[in-house]
Amino acid sequence: MQKACSFVACNHCGTPDTCALNKLGIGCRGTVFAVGGDPEVRRRLLEMGFCNGASVEVIRRAPLGDPIEFRLRGYHLSLRDEQARHVQIVPA
Amino acid sequence: MSSCCDPVTDAKPQRGAITVALAGNPNSGKTTIFNGLTGLRQKVANYPGVTVERKTGRCQLPDGTWADVIDVPGTYSLISRSPDELVAMEVLRGLRTDTKTPDLVIVVVDASNLQRNLYLVSQLIELGRPMVVALNMMDVAERRGLKVSPEVLQRELGVPVVPVVGHKRQGMDQLKAAIANAAVARMPDWPLPEPMKEELLLVGGGLAILDSEANAAARVAPPDARPQSSWRSRRDKPTKPQLGDAVPPRAWICGDTNDRRLDRYEALAERLLIGDRAGELNDIARQEPVASLLTSATDRLQQLGIEPMQADIEAHYRWIDGLAHRVVTVDRQPEASSIDAAQTEQAPPEARRVEPGRTLTQRVDAILIHKIWGLLIFALIMATLFVTIFWAAAPIMTGISASIDALGALLTSRLSGPLKDLLKDGIFAGVGAVIVFVPQIALLFLFLAVLEDSGYLARAAFLMDRVLAKVGLHGKSFIPLLSSFACAIPGIMATRTIENRKDRLATILVAPFMSCSARLPVYTLLIGTFFAAWGAAAQAGIMLALYALGIVAAAATAWIFKRSLLRGPAPAFILEMPSYKLPQLSQVARQVWTNTRAFITKAGTTIFCLSIILWAMAYYPRLPEHRVQQIRATAMDGKASEKEAIASADNAVSAAQSEYSIAGRMGHAMEPVIKPLGYDWKMGVGLVGAFAAREVFVSTMGIIYSVGQVEDETGGLSSAMRQDRYANGRPVWTPLVAVSLLVWFVLAMQCMSTVAIVRRETGGWRWPIFMIVYMNGLAYVVSLIVYQVGSLLLRV
């Protein structure tokens, strides 16, 4: 049932081993590699638990395409595409 | 047992013996625990100047003393520059002058979401206040197969940990008892990177030297002759404590007794380096040579690839990971999802490969946020909500106003003269103007409470965010805006679910553009009177266009506001998707009650006063008696029956009276201003009256055109308006005038109740006044363009 990760098709990343969180396919998992973006957004994402290689799973996109729901550290949260692309993920 | 000699035990003192702050993440069940602790002894207000609600309550402790409980706004972090979380931080640190510094903190922790909840706990530990942990939602955690051990957590943190089930009121007595044992948590040695620890030592030492120098200077020199080089002497507010005082109070920087690291200067250095700018830290960080000290330390760390803010958060989470590992044991059950278990985060990747069983929430979400079903169900729920507050509330509202009117008439039947009119048309009508909103507000909050407590509100925001994000609003703006189609009052109150201040303000500012039910009578009258000949389809089209105009205006102004007035670094859109829960009846009822009561007491007072003022403006000055006789005599002339003659005379007198009153004079005075829009003084009077409520425009017109009270049948008024002519024979009302007036009604802010509620929700007159200015300005300009361009086109 697990879909293949869109990682292979991801051309947007600087480093070949990582991928922006918003490019990750639904059902895919990965571990947090780095968080970018402006300092305030970055702090928020880090504080919500996007740090220390936490494992993230993409649950679904909203019916209209945005935001995206994730599971992280045992809870669910959703981010807009705009924020998710600042999180670099090592796909698992 | 109380006796007359022992008044202390039962009497509720003015002030509690201690002040307890109740802190916790959003969705941690903090509110249910607040309710469990304080029962009905609650007060809801606003923090001055901010749109953040301030809830306080009273709770009797086992030893008979009373504690004041402050419900701190739910927050994920104590280091934040977003205004909402700023309030939480300021309350907890005792930086707010309007709130007593808490003696201890109860932190509510969601056991089913331990890691993220512990992040706030880790920050509270740094605060150094006595603390009690209320471990909530143990039942949810258990259902997911997570065994959270309060004993281990208590041992690890060194503070009392009380397992509670908030919605069942379990553990409240134990929690109250634990307050007596509250302790300052042991300060963990955060696993910071070594270079950062060295920098902290360095900066901390620098701060210590600077402070002692400044202290020495302050001792020698008189206050005004302090050396300008001192980073302390530049502080221009002598009433504030000196920085020398600001540094030592570890009570709010790092705790009095539990800091095992070098000393408090090091702790201060850490706050500054990670970008904590709370209270005085902001002043400290900006002054030289502290600023350069910080910059050079940050630069050195940056070269090593260390970012202090990130390193700090990661150190906290590393500590949390270890702690969670010791506190939680996974007890796999069929329903449990493997990835929900905190442990799996540390497990090797292969272990996570197992197909997880799905929790109830995930199964429900598969339907409720499904691409097709999800949107359908959402549409259905919203339609139900809308129908309920638009139509279901209407008969109750009419019933209430009718019975208040009847009661007013009954009670004043023995009276006469101005006193009777004041009571009947001023005071009773004023009370009616407040009470009439209660059914809508109660019903809306019934819906909101159920949606929020069940967890669906977050899903609704998730579904709608894409649409609203386009104009800079938030997914959570949807329900307030939808509710505003019924009435802006409940709609604006519903914005409380939007955490972010700017998103909330933007929603409040545009909500009144949604065509509310009070505009409908005006739309119906004007469309029915001037476009009846165009056919039903055209009339419906015009009606639709008016609604569309409101929506377009809201979208456009929201877009502009988010790029101008309410601009700024937008905090990330982070929406927690809490697990579904069955809403508790008592919680829902309480929400409905507190919000309705808050409306009546806070906004109601303003609405009541304004309606008395408006009544007086339409009532005074009275027509001189001889004029009344004159008008009566003229009006009664040539009428066939006596009944008809009296009715006609009464109508003529009220018409003359309304022209003679302040409102009537204002209408005349306004005429030069509203002339370019195509309006005459009568419409001006109508606009003044419409400030009480937009539908009052119709009845004012009825009075002015001497057709008496307009009930259901507006035929008489319609023909009177169509036949009205200026002195030169030109018709006063043309379809173009009607369109211009309709546009005005769509766009203008002319509802005192909305003004009152905006004042209450934003905590001041600034935003409501801004709202009146910009909305009426916009309405004026657009109506002007419509009328002037329209006249040009029609002439051609």
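## Close-up views of a two-chain predicted model

**View 1. B:Met137 sits in the loop between strand E6 (130-136) and helix H4 (138-143) of chain B.** Helices (H or I, at least four residues) and strands (E, at least two) are DSSP runs, numbered from the N terminus. The phi of B:Met137 is near 60 degrees, a positive value in a residue other than glycine. Most residues other than glycine have a negative phi, and most peptide bonds are trans. Is B:Met137 buried or exposed? B:Met137 is buried, as 29 other C-beta atoms lie within 10 Å. Here a residue is buried if 20 or more other C-beta atoms lie within 10 Å of its own, exposed if 12 or fewer, and partly exposed in between, with C-beta atoms placed from the backbone.

A word on the model: it is predicted, so local features need pLDDT of at least 70 and side-chain atom pairs count only at pLDDT 80 or more, while totals for chains, interfaces and linings use all residues. Residues are numbered from 1 along each chain as its sequence is written, and chains are lettered from A and ligands numbered from 1 in the order in which they are written.

**View 2. B:Asn27 has a positive phi, near 65 degrees, in a residue other than glycine.** This asparagine, B:Asn27, belongs to the loop between strand E1 (18-24) and helix H1 (30-38) of chain B. B:Asn27 counts as buried because it has 21 C-beta neighbours inside 10 Å.

**View 3. B:Leu135 is among the residues with the most contacts inside the largest nonpolar core.** That core has 209 residues, a nonpolar core being a set of buried Ala, Val, Leu, Ile, Met, Phe, Trp, Tyr and Cys residues joined through C-beta atoms within 7 Å. Not counting residues up to four places away in sequence, B:Leu135 touches residues including B:Val109, B:Val148, B:Pro150 and B:Val162. Contact here puts two C-beta atoms, placed from the backbone, within 7 Å. A second, separate core of 20 residues includes B:Met196 and B:Ile284.

**View 4. Helix H32 (residues 735-747) and helix H34 (residues 766-795) of chain B have axes that come within 8 Å.** The axes cross at roughly 165 degrees; they are lines fitted to C-alpha atoms, for helices over the stretch in contact, and angles run from 0 to 180 degrees between N-to-C directions. H32(B) and H34(B) are therefore roughly antiparallel to each other, a label for angles over 145 degrees. Among the residues that make the contact are B:Leu736 and B:Trp744 of H32(B), with B:Met775 and B:Tyr787 of H34(B). The contact residues comprise twelve nonpolar, four polar and no charged. Ala, Val, Leu, Ile, Met, Phe, Trp, Tyr, Cys and Pro count as nonpolar, Asp, Glu, Lys and Arg as charged, and the others, Gly among them, as polar.

**View 5. Chain A meets chain B through 35 residues from chain A and 39 residues from chain B.** Which element gives the most to the side of chain A that touches chain B? H1(A) does, with seven residues. By class, this side of chain A has 14 nonpolar, eight polar and 13 charged residues.

**View 6. The peptide bond from A:Asp66 to A:Pro67 is cis, with omega near 0 degrees.** A:Pro67 lies in the loop between E3 and E4 of chain A. Another cis bond runs from B:Tyr620 to B:Pro621, with omega near -10 degrees. B:Pro621 belongs to the loop between helix H25 (585-619) and helix H26 (625-636) of chain B.

Notes:
Parallel < 35°, antiparallel > 145°, perpendicular 65-115°, else oblique.
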